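This report goes through a few local features of one protein chain. The sequence and the structure come first.

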Amino acid sequence: MKKINSNSINNYWNKYYKTISFDKQSNFANFVLRKLNKKKKFNLADIACGNGRDTVFFSNHGLNVIGFDQSKIVVKNNIKKFGNFFIRVNFCKNNLKLKKRFDIFYIRFFFHAITEKMEDEFLLNLKKISKKKSFFFCEFRTNKDPLINKGIKISEFERYTTHYRRFIELKSFKKKLSFNKFKIVYEKTSNKFAIKKKEKPSICRMIFTHA
């Protein structure tokens, strides 16, 4: 099996998004939009935006949104299809800097797609590039997800099927957020958040902000 790092993860998603078609927005995007004050003009960062379906959805609802992704192919295709509001950025690199600050960070299906080392760097970067009153909306697979029983076992919570996944253990993740001076303001886990055909993954929806 390949060594799991930023490059190997990025290579998989480059290949994936060469063939994946554009779909309607996710249920999580609908959830986030309902939580926002529609009278306020928010700057929103869609991290690991993929094919841009949620980025475009937020843009169509009046938000100032930028879709960020590490994949060169993803960003190139999205700009060609939808416009120049996509940027190639690796949010897990050391000492990340962004010219723009955002009110809302939208982080769907990202935490379970990166290693713990990458996660640590990502959380450090979030503190540096966000405002004190920024909110972070995230959705990720938990270690209660049935998919954890499939694929090659790398560690207690890491698996490799067609690609790498790390199933998030909530207790330790919440401790890490607290250590990094983040405060959880909403948390709910369900197997009804991201149903796809017969798959009902265990998904946690969480909102946190600066403590």
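Asn95 is partly exposed, because its relative accessible area is 45%; buried means under 20% relative accessible area, exposed over 50%, and partly exposed in between, with a 1.4 Å probe and protein chains only. Asn95 sits in the loop between β3 and β4. Its phi is near 55°, a positive value in a residue other than glycine. Most residues other than glycine have a negative phi.

Lys197 is not a glycine either, and has a positive phi of about 55°. The loop between β9 (182-190) and β10 (203-210) holds Lys197, and with a relative accessible area of 80% Lys197 is exposed. Helices (H or I, at least four residues) and strands (E, at least two) are DSSP runs, numbered from the N terminus.

## Basis of the model

This is a predicted model, in which local features need pLDDT of at least 70 and side-chain atom pairs count only at pLDDT 80 or more, while totals for chains, interfaces and linings use all residues. Residues are numbered from 1 along each chain as its sequence is written, and side-chain values use heavy atoms, with hydrogens and water left out.

## Aromatic pairs

The structure holds 21 aromatic pairs. Rings of Phe, Tyr and Trp (its six-membered ring) pair if their centres lie within 6.5 Å; planes under 30 degrees apart count as stacked, over 60 as edge-to-face and the rest as tilted. The rings of Phe58 and Tyr106 have centres 4.9 Å apart and planes at 75°, so this pair is edge-to-face. It links distant parts of the chain, with Phe58 in helix α3 (residues 53-60) and Tyr106 in strand β4, 48 residues apart. Both Phe58 and Tyr106 are buried.

Phe91 and Phe122 also form an edge-to-face pair, because their planes are at 75°, with ring centres 6.4 Å apart. Phe91 is in the loop between β3 (86-88) and β4 and Phe122 is in helix α5, so the pair ties together parts 31 residues apart in sequence. Phe91 and Phe122 are both buried. Ring pairs join them into a cluster with other residues, including Phe68, Phe140, Phe173 and Phe208.

## A buried histidine

His112 lies in the loop between β4 (102-108) and α5. With a relative accessible area of 5%, His112 is buried. Its side chain reaches the backbone nitrogen of Arg141 at 2.9 Å.

Leaving aside neighbours within four places in sequence, His112 is in contact (heavy atoms within 4.5 Å) with Phe140, Arg141, Tyr164, Arg165, Arg166 and Ile168.

## The second largest pocket

About 190 Å³ of space lies in the second largest pocket. On a 1 Å grid over the protein atoms alone, a pocket is an open set of points where a 1.4 Å probe fits, with protein on both sides within 12 Å along at least five of seven lines; lining residues have an atom within 4 Å of a point. Among the lining residues are Glu116, Phe157, Arg166, Ile168 and Lys176. The elements that give two or more residues to this lining are α5 (116-129) and α6 (170-179), and α6 gives the most, with three residues.

## An exposed lysine

Lys76 is in helix α4 (residues 72-82). Its relative accessible area is 63%, so Lys76 is exposed. Lys76 and Ile154 are 78 residues apart in sequence and 33 Å apart in space, C-alpha to C-alpha.

Notes:
Grid points are joined across faces, edges and corners, and a volume is the space filled by probe spheres set on the points. A polar contact is a pair of N or O atoms within 3.5 Å; within protein, one must be able to donate a hydrogen and the other to accept it, and residues adjacent in sequence count only if both atoms are side-chain atoms.
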